[in-house]
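Please read this report with the sequence and the model side by side. It goes from the whole chain to the sheet, and then to single residues.

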Amino acid sequence: MIAPRLDDLDRKIVAALGLDARVSNRQIAADLGVTEGTIRTRLKRLQQEGLVQFTVVTDFRMAGSPNLVMMGIHADPCRVSALAEDLSAIEEIGCVIVLLGRYNLMAMGLFKSVEQVDDLIRARIKTLPGVRDVEVSTAIHSFKYDVRMARITRPKPLDD
């Protein structure tokens, strides 16, 4: 994999959009001391290279009364990469992370009921080759959740 070519200006543009994705190219250009055309060209390249994308991220409370569930997965070390791929393919799971520490993998998602989580774990996660055990934690109160850190919901494809 070739490392992306990002310079200081690219990073500043991305940082500006990370704070407020609605900021205009004109405002970014003024703040950074470059032309609006420079910003437009840089953003187009960053999008074409898949380094940035624009989407609306809704607060997970808009999904009704979901439960943010984290599943710590103990796995056979030789199966961690394959399991990460398998877990990523499960629609209900919005985040999969490989870890060093207590678990090999962490999977997170929003669920409407504990029964839904239990069904998912019993029928689709514990049956995956290499899964040794799954420990579940459910959030009961969120003091801070920065969507820039990890979006938990998957974007739905737009119908053309």
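Among contacts in the chain between residues at least 6 apart in sequence, what percentage join residues at least 24 apart? The value is 66%. Contact here means heavy atoms within 4.5 Å.

**Basis of the model**

This is a predicted model, in which local features need pLDDT of at least 70 and side-chain atom pairs count only at pLDDT 80 or more, while totals for chains, interfaces and linings use all residues. Residues are numbered from 1 along each chain as its sequence is written, and side-chain values use heavy atoms, with hydrogens and water left out.

The predictor's confidence in each residue is its pLDDT, on a scale from 0 to 100. The chain has a mean pLDDT of 85, and 81% of its residues reach 70 or more. Over residues 153–160 the pLDDT is below 50. Beyond near neighbours in sequence, that stretch has eight contacts in the model. Where pLDDT is low, the predicted coordinates should not be read in detail.

**The chain as a whole**

The chain has five helices and four strands. These are DSSP runs numbered from the N terminus: helices are H or I with at least four residues, strands are E with at least two. Along the sequence the pattern is α-α-α-β-α-β-β-α-β.

Of the 160 residues, 29% count as buried. Buried means under 20% relative accessible area, exposed means over 50%, and partly exposed lies in between (1.4 Å probe, protein chains only). The accessible surface of the chain comes to about 11,200 Å². Carbon and sulfur atoms account for 53% of that surface. Such areas come from the Shrake-Rupley method with a 1.4 Å probe.

**The sheet**

Four strands make an open sheet in the order S2-S3-S1-S4, with antiparallel pairing. Two strands pair if DSSP finds at least two bridges between them. Strands S2 (93–98) and S4 (131–138) each have a single partner strand, so one side of each is left without a neighbour in the sheet. Neighbouring strands are turned by 20 degrees against each other on average, direction ignored.

Seven bridges join S1 (residues 67–75) to S3 (residues 105–111). Another five join S2 to S3. The bridge partners named below all lie in S3.

| Residue | Partner in S3 |
|---|---|
| Val69 | Gly109 |
| Met70 | Met108 |
| Val96 | Ala107 |

S2 and S3 form a hairpin with six residues between them. In its turn, Gly101 has a positive phi of about 135 degrees.

Is S3 enclosed or open? Seven of its seven residues are buried, so S3 is largely enclosed by the rest of the structure. In a regular strand the side chains alternate between the two faces of the sheet. Both faces of S3 are covered.

Helix H4 (residues 80–88) lies across S1, S2, S3 and S4. It runs at about 170 degrees to S2. Axes are lines fitted to C-alpha atoms, for helices over the stretch in contact, and angles run from 0 to 180 degrees between N-to-C directions.

**Cysteines**

How many disulfides does the structure hold? It holds zero. A disulfide is a pair of cysteine sulfur atoms within 2.5 Å. Cys78 is exposed, with a relative accessible area of 72%. Cys95 is buried, at 12%. Cys95 stands opposite Met108 in S3.

**Two helix residues**

Ile121 is found in helix H5 (residues 114–125). Ile121 is buried, with a relative accessible area of 8%. Leaving aside neighbours within four places in sequence, Ile121 is in contact with Met71, Lys126, Val134 and Val136. Val136 is 15 residues from Ile121 along the chain, and their C-alpha atoms are separated by 9.4 Å.

Gln27 is found in helix H2 (residues 25–32). Gln27 is partly exposed, with a relative accessible area of 38%. Gln27 and Ala16 are 11 residues apart in sequence and 9.7 Å apart in space, C-alpha to C-alpha.
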